[in-house]
Every structure is written in C-alpha cells, then in structure tokens.
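Trainee: I have a new model open and want to learn how to read it. Where do we start?

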2 protein chains.
Amino acid sequence: MSVREGGAPVARTVLQQCVQARLQVSPAEQDTEAQFVQIDRGVVIYLCFFKGANEELLPRMVSSLLNLRLCESASGKMVSVLELPGSLLIVPQATLGGKSKGRAVQYHSNISKEDGRRLYAAFVSLCEQEVTAAAASSAGTGPGVTVQHGTYGNRQVLKLDTNGPYTHLMEF
Amino acid sequence: MSVREGGAPVARTVLQQCVQARLQVSPAEQDTEAQFVQIDRGVVIYLCFFKGANEELLPRMVSSLLNLRLCESASGKMVSVLELPGSLLIVPQATLGGKSKGRAVQYHSNISKEDGRRLYAAFVSLCEQEVTAAAASSAGTGPGVTVQHGTYGNRQVLKLDTNGPYTHLMEF
C-alpha cells in the first residue's frame, strides 16, 4: 500500500485471485440477453478513484499492480499476475470510496463520474498495453491471457470462483 | 471507514454483498471429501487484524459492520445486513494486511497467529449473538439467516455469486 506523501490516497484498489470470474457488461433487455465477459486464472481488480486522481498517476499504479507478487503459482511460489501468467478482470467499484457516518455510508471523496469514466478507460488501456508487452517479451503471459473489464457506472453483476481469493488492498 | 484517532487502524475488513457464497472449511483428504459452508443472500466479511488489536475493539466493530447501510434491499433501498435480512460469511484474510515493498508484499503489521485466532473466534461469536438478538427482536432476520465462517489459518477456497458486490472497505 503506497499512499501519497503527506496526503490521502487518490485511488483505492482491491485485488482478488480467481480461477474463473464472470462479469455482466450489459443487462438483459426486452429483445436481448445479458452479455458477459469472463476470465480464467488471474486477478480481479476492483477500482475506485478519489478526487485529486489524474492521468499522471496511472502508469505507476498499473505497473505496481501488475508486477506485485500477489499471486500463488502452481508450485506455491508468489509471483506477479504477469509472471503467473494470468488474466485481468477490471471492475469499476465506486463503493470502495465509502466512509461511514453513523449508520450511513457516504461517498463524498469519490471523483466525479466524468473524470472517473475517463481515468477508468485509461487504466484499462494501460493494463492492455502492459499485458501485450509482457506477451511480446515472452517474459510471461500465455495463450488465453486477456484483459477484460466492466462498464463504468453499470451494476457489476459478478460471479467469482477462487482457490483462495488472497484479497489485497492497494492504495495510491 | 473509522480510523483510531491519532493512529493506524488495528483491523481491516472488506465487505461484499452476495446472492450466494460457498467456502471450503476443510480440504479433501484421502478418506474424506472437502467440506463447505454456504450462505444465500447476505454479506461476505473478509477480516484481518493488525498488531495492537484487542477484544475491547470487537463490540464496536461488529455493531458497526452489522448496522451500516451497505446492502441493497429488493426495493433498491440501502439497508443493513440485519435489516435485509441477510446471512454472514466471515472469512479470515491475513493477506488484507499486505504492504508493498518494491515488488514484494510484506505482512509485518499483522497480528500474531495466536492472537489473530482468538480475536477471530470472538468476532464470529459476537456476530452470532447480534444476528440472534436481531431475530429475537423480530427487527430483522428471517428463516434461513445464518452466520457461517472459515477456519482461521486455512486456505479460503471461496465461490461467490453476486448481483453486484458493492465492495466496501471498513477499518477500525
């Protein structure tokens, strides 16, 4: 957890390992069925930006999250998701910014919807670049390794299957 | 998120809503199959204690977590898990105490295994008392509402099915 010197964090992430995860990206409507994305072995990244977050933050954040040794390999060694190699499922999760006030939960520190949507798209794009680069260098990533993500602002209908979630909190 | 005045938090929880969650409490062995506990609608509480946590903390912590309006009712109103009424699945999750140092993740702030086990058992017991009391007062909780929990120190093989996890971080 790396907090900005002298200040509150501007981004909060929760990471969970999965053997499979499935997220609805478009709900069912009258004429269409709900649509889902899915990953197999990899990491689910729940993501929330606070006021003060900006694009400058993102390269360090993505590099840190994708290179931290948070994942258990088949041999029991801790490795990064790039080394695993594993897929990513990125889930926008504004509720992570909640603070309790009495029995209520408030979200006053959260970034505006427009800025959040823009940073979220940029974060996803950077993750895709890192995973592609790792595949090209053959340092990690194998067949079937993908970056999938939810739709910002939507309900995140999620199904998660783990062999131990190894839940981590990382703030930036 | 309520942090101790003038100090770092001594307990970290992550909460996720579920429509069903299933946790392995005993792994398969030569002569026995793996054993699982399961809840339907309710909240999964991932729990980690830091050095400095003690029993005094627990009543306030449990009361806060069970009474915070973190859950979406069928009508879309935000209510507590007691009001929902929902079940609890309590998952010991020492990885929540991780801090990054370079690419490694360290857990130096985590409580000792013995103290953690004791506080975890007391936390589970208090949750059971609160849910039973709420049922008795008929303020909440209906048939099928239960408190289930993982085995401290074990691998937490978890399967989670959500209608939106509404992930929240609460520290004490």
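Mentor: Start with one definition. A salt bridge here is a side-chain nitrogen of Lys or Arg within 4 Å of a carboxyl oxygen of Asp or Glu. Keep in mind that this is a predicted model.

Trainee: Which residue of chain A forms a salt bridge with B:Glu83, and how far apart are the closest N and O atoms?

Mentor: The partner is A:Arg103. The closest N and O atoms are 2.9 Å apart, under the 4 Å cut-off. This pair joins chain B to chain A.

Trainee: How many salt bridges does the rule find across the interface of chain A and chain B?

Mentor: Six. Over all chains, the structure holds 12.

Trainee: Which residue forms a salt bridge with A:Arg12?

Mentor: A:Glu171, with the closest N and O atoms 2.6 Å apart. Now place both ends. A:Arg12 is in strand S1 of chain A and A:Glu171 is in strand S12 of chain A. They are 159 residues apart, so read this pair as a link between distant parts of the chain.

Trainee: Back to the interface. How many residues of each chain are in contact?

Mentor: Contact means heavy atoms within 4.5 Å. By that rule, 40 residues of chain A touch 40 residues of chain B. About 3,500 Å² is buried between the two chains. Carbon and sulfur atoms account for 47% of that area.

Trainee: How many residue pairs are in polar contact between chain A and chain B?

Mentor: The count is 27, with both residues at pLDDT 80 or more. Next, see which elements supply the surface. On the side of chain A that touches chain B, two or more residues each come from strands S1 (11-18), S8 (99-101), S9 (104-106), S11 (158-161) and S12 (168-171) of chain A.

Trainee: What rotation superposes chain A on chain B?

Mentor: Look at two numbers, the angle and the shift along the axis. The rotation is 180°, with 0.0 Å of shift. The RMSD is 0.0 Å. That is the relation of a two-fold axis. The C-alpha of A:Leu160 is the nearest to the axis in chain A, at 2.5 Å. The same surface serves both copies, and 100% of the contact residues of chain A recur in chain B.

Trainee: Now the sheet. What is the order of the strands in chain A?

Mentor: First the general idea. Strands of a sheet pair through backbone hydrogen bonds, either parallel or antiparallel. In chain A, five strands form an open sheet in the order S10-S7-S4-S1-S12. The pairing is mixed.

Trainee: Why is one side of S10 and of S12 of chain A left without a neighbour in the sheet?

Mentor: Both stand at the edges, and each has a single partner strand. The twist averages 20° from one strand to the next.

Trainee: In which sense do strand S7 and S10 of chain A pair?

Mentor: Parallel, over three bridges. For the antiparallel case, go to chain B. There, four bridges join strand S1 (residues 11-18) to S12(B). B:Arg12 stands opposite B:Glu171 in S12(B).

Trainee: Which strands does each helix of chain A lie across?

Mentor: Helix H1 (residues 58-67) of chain A touches S1, S4, S7 and S12 of chain A. Its direction makes about 150° with that of S4(A). Helix H2 (residues 113-136) of chain A lies across S4, S7 and S10 of chain A. H2 of chain A runs at about 175° to S7(A).

Trainee: Last topic, the backbone. What should I check?

Mentor: Most residues other than glycine have a negative phi, and most peptide bonds are trans. Now the cases here. A cis peptide bond joins A:Leu84 and A:Pro85, with omega about -15°. A:Pro85 is in the loop between strand S6 (78-79) and S7 of chain A. In chain B, the bond from B:Leu84 to B:Pro85 is cis too, with omega near -10°.

Trainee: What is the phi of A:Tyr166, and where is A:Tyr166 found?

Mentor: Phi is positive, about 50°, although A:Tyr166 is not a glycine. A:Tyr166 is in the loop between S11 and S12 of chain A. B:Tyr166 also has a positive phi of about 50°.

Conventions: Residues numbered from 1 in each chain as written. Chains lettered and ligands numbered in written order. Predicted model: local features only at pLDDT ≥ 70, side-chain atom pairs only at ≥ 80, totals over all residues. Heavy atoms only, no water. Least-squares fit on C-alpha atoms with pLDDT ≥ 70 in both. Pairing = 2+ DSSP bridges. Buried area = accessible area lost by both parts, 1.4 Å probe. Polar contact = N/O pair within 3.5 Å; in protein donor to acceptor, adjacent residues only side chain to side chain. Axes fitted to C-alpha atoms, helices over the stretch in contact; angles between N-to-C directions.
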